Amino acid sequence: MGKVITLDAVPSNLDLYARAAGALLPVVGKSGPARADAPVPDTVYRLTLGPAELNRVQEYCRTTGMQLGDTLPLTYPFVLQFPLVMKLMTSREFPFGAVGSVHALNRIRRFRPISVNEHLTISTQAGNLREHRKGLLIDVTSTFEVGGELVYEQVGTFLSQQRTSLSGEPSGPVPKEGTPPPPDAVLSVNLGQIRNYASASGDRNPIHMGNLPAKAFGFPRAIAHGMWSAAAAVANVERQLPDAVEYQVRFGKPILLPAKVNLYTKPAGGRGDYDISLLDRKKGFPHLTGSTRQIS
């Protein structure tokens, strides 16, 4: 473990987004593409939080469909560690800029449910910088402890799109497009709902907040947060999941707002094991593919 920086307060996401935007400016920001052998900061950001803010958890559940109860929803700790992730990704030592990075994959390992009344110590660090056909991938890992007990782990994999030595490799089979089969459910989402999620989660990235700022970053309209879709997709089976569970998702094409998407939830054998996907209602391409698996 590298240098540990213990924070005495939650970093302001608004300040961090301002810093991320400033990094796009000439001279101030990072120049040119990142190198595949760039050093990865070994700094660990650490923060201890008190009991959950119940109003915030309630709004999170209202916007995602997750269950409100005595324990945190499966995906909610992502929200708690997000300011530490942004602080890390906006540091000078991080190999590429936070703005423009794509949240490509996410993995959650919950070792036991977390009470809303528990104090959590979160430690966040980066690692595993590697090449990909579309650019560079890096993992940002956050661990959650209660009194020294590891209760939860969150790993976000981010993509910086650029040319690498793997850029010429075959892209693999393109997902077939066509009318998808009848869904298990249809999820509806609009800009107002996503703005409410942004308020509850603290993730006010401009691409989620309105059509004009989204267009500035190359999207035709505002898009839903990937982690909103991860939460909404697993919400209907949340009660069937075991205490110790792994939830992995791969994000596909963004969900342009407003939207209706097809949800598929298929049992995969073991208790609490499901294969989950969100597909476009007309063309069938994936917005999200994921799975839940019991941790033995």
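This note describes a nonpolar core and a helix pair in a predicted model.

1. Basis. The model is predicted, and local features need pLDDT of at least 70, side-chain atom pairs count only at pLDDT 80 or more, and totals for chains, interfaces and linings use all residues. Residues are numbered from 1 along each chain as its sequence is written, and side-chain values use heavy atoms, leaving out hydrogens and water.

2. The core. The largest nonpolar core has 71 residues, and Tyr247 and Ile276 touch the most other members. Such a core is a set of buried Ala, Val, Leu, Ile, Met, Phe, Trp, Tyr and Cys residues joined through side-chain atoms within 4.5 Å; buried means under 20% relative accessible area, with a 1.4 Å probe and protein chains only. Helix H3 (residues 77-89) gives the most to this core, nine residues. Domain 1 (1-166) and domain 2 (175-295) both contribute residues, so the core lies between them; the domain bounds come from an automatic or database assignment.

3. The helix pair. The axes of H2 (residues 54-64) and H7 (residues 226-234) come within 9 Å and cross at roughly 75 degrees. The two helices are therefore roughly perpendicular to each other, a term for angles of 65 to 115 degrees. Tyr60, Thr63 and Thr64 in H2 meet Trp228, Ala231 and Ala232 in H7, contact meaning heavy atoms within 4.5 Å.

4. Thr64. This residue of H2 counts as buried, at 6% relative accessibility. Leaving aside neighbours within four places in sequence, Thr64 is in contact with Tyr197, Trp228, Ala231, Ala232 and Ala235. Thr64 and Ala230 are 166 residues apart in sequence, yet 9.0 Å apart in space, C-alpha to C-alpha.

Note on methods
Buried < 20%, exposed > 50% of the residue type's maximum accessible area, 1.4 Å probe, protein only. Helix = DSSP H or I, 4+ residues; strand = E, 2+ residues; numbered from the N terminus. Axes fitted to C-alpha atoms, helices over the stretch in contact; angles between N-to-C directions. Parallel < 35°, antiparallel > 145°, perpendicular 65-115°, else oblique.
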